[in-house]
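Hello,

Here is the structure for you to look through. My notes follow below it.

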Amino acid sequence: MYITKQNWLPTIINFAVTLFFLSIFIVKGGYNAAPVLLMLISLGYGIYSLIKRTLLNLSKVDKWLIYSYLFYFFTFILSLFIHGGKMRDIDTASRVVFLIPILFLLLKYPIKTCVLNYAIPLGGMSSTCVALYDKFMLNLRPEQNPRIMHIQGGDISMSLGIFSLVIALYAHQKKDIKLTALSVIGGLCGIIGSLLSTARGGWVTLPILLIVILYIYRHSLSKRFLLTFFGIIAVASVGISQMPNNRIMERIDVARKDIQLYLDNNDGNTSLGARFEMWKSALEMAKEKPLFGWGIQGATEKRKLDTKEKIVTGDIGQFTHAHNQYLDDLSKRGIVGLLALLAVLFIPLLAFMKGLKTTNDEVKLIATLGIAHILSVMIYGLSQGFLVHNSGTIFYFFLTIVFYTAIRTRQKAE
């Protein structure tokens with residue numbers, strides 16, 4: 001496409017979003033490149049808007065979303081002020097504030113639907129290509145991933161797979177055979193990438209989100225499509241289970257044994273047993289300091305003390321978070337912190353759910369992507385501190401802005 005003075009900025013913006021999906025797994029910290037580029041552009045655009053005195057014209061929901069982001073960051077500042085700690089404790093949360101200018105930019109220059117339709121499946125494919133390369137060429141175990149923490153990577157790969165399947169339903173509805181095929185392949189690749197990571201949180205998410213997505217598109221799907229859809233998943237599942245050096249069934253069996261050991265012997269020395277003990281410890285912390293919690297350092301020290309005094313079984317003192325996003329926020333920043341977390345989840349979720357009440361296929365697609373995005377992160381958070389990591393924070397908040405602005409601009413156009 002020939003780039004003119006009128007379209008160079010939208011072209012760069014759409015390129016940046018494409019880069020985001022393609023770079024997550026390829027290079028270490030690849031998920032930072034696109035948000036940083038868009039943040040710099042948005043700051044320049046903000047200065048230009050101030051000079052030109054351009055009105056932002058924000059809706060009530062726009063403002064609530066921004067307030068929720070600011071409140072989320074404020075709880076980290078408040079916790080640092082009350083409990084002390086180090087400035088790096090707010091490093092991850094500060095990225096949320098830096099992403100807000102991107103919301104203003106994307107409200108002015110929305111992402112094209114075709115960018116999402118092709119970049120997301122290609123991102124899912126890249127996750128599997130990299131995972132297969134690490135496994136069979138470099139002989140690396142999932143936890144030795146040099147680019148992204150394997151649990152985070154597995155969850156993100158599953159999200160890309162789920163997004164791709166949503167796009168496949170949209171493409172099928174539009175009778176776009178090429179996009180349907182690409183999206184199905186991208187969906188399967190994203191799921192395979194998650195399976196290869198051995199991160200079980202994403203595996204739990206898949207059946208739940210499939211039910212939600214199929215329910216949303218229930219009036220648009222034929223019995224033939226559903227049979228084909230589930231047939232492909234069944235064949236792929238059998239194929240994956242028969243892969244050489246397969247650890248998937250092993251991980252499922254280990255999970256079953258971990259639960260049994262915990263129920264029978266209160267064994268906190270297993271992967272799941274340690275999680276159960278961390279959750280118990282976090283709940284006890286919340287009872288002692290319910291309003292503002294213990295702070296990041298305080299919660300870590302309390303886990304070490306619980307281990308030392310044998311209040312819990314297993315060595316949970318080695319962990320820096322509770323492996324449950326909700327309990328982690330509750331223990332570190334109290335009820336205030338938990339409310340902030342719920343705000344950044346439910347405010348955009350409700351906006352996306354309202355977006356389903358439309359006859360516009362593009363709006364419905366993006367609304368479904370937004371719902372799938374938030375619900376998947378909510379489920380990941382049940383067994384992992386997804387937002388404790390930079391990768392999770394950037395992935396969640398940046399994509400929420402991308403999907404939200406895409407649906408807002410299309411609703412405004414209608």
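Rings of Phe, Tyr and Trp (its six-membered ring) count as a pair if their centres lie within 6.5 Å; planes under 30 degrees apart are stacked, over 60 edge-to-face, and the rest tilted. By that rule, Phe20, Phe21, Tyr380, Phe386, Phe395 and Phe398 make up one aromatic cluster. This is a predicted model, in which local features need pLDDT of at least 70 and side-chain atom pairs pLDDT 80 or more, while totals for chains, interfaces and linings use all residues. Residues are numbered from 1 along each chain as its sequence is written, and side-chain values use heavy atoms, without hydrogens and water.

The structure holds 14 aromatic pairs. In one of them, the ring centres of Tyr72 and Phe397 are 5.4 Å apart and the planes stand at 45 degrees, so the pair is tilted. Tyr72 belongs to helix 3 (residues 60-83) and Phe397 to helix 15 (residues 390-413), so the pair ties together parts 325 residues apart in sequence. Helices here are DSSP runs (H or I, at least four residues), numbered from the N terminus. Tyr72 has a relative accessible area of 2% and is therefore buried (under 20%; exposed is over 50%, partly exposed in between, with a 1.4 Å probe and protein chains only). Phe397, at 0%, is buried too. Phe397 also pairs edge-to-face with Tyr396, at 5.0 Å between centres and 80 degrees between planes.

Regards

Conventions
Helices (H or I, at least four residues) and strands (E, at least two) are DSSP runs, numbered from the N terminus.
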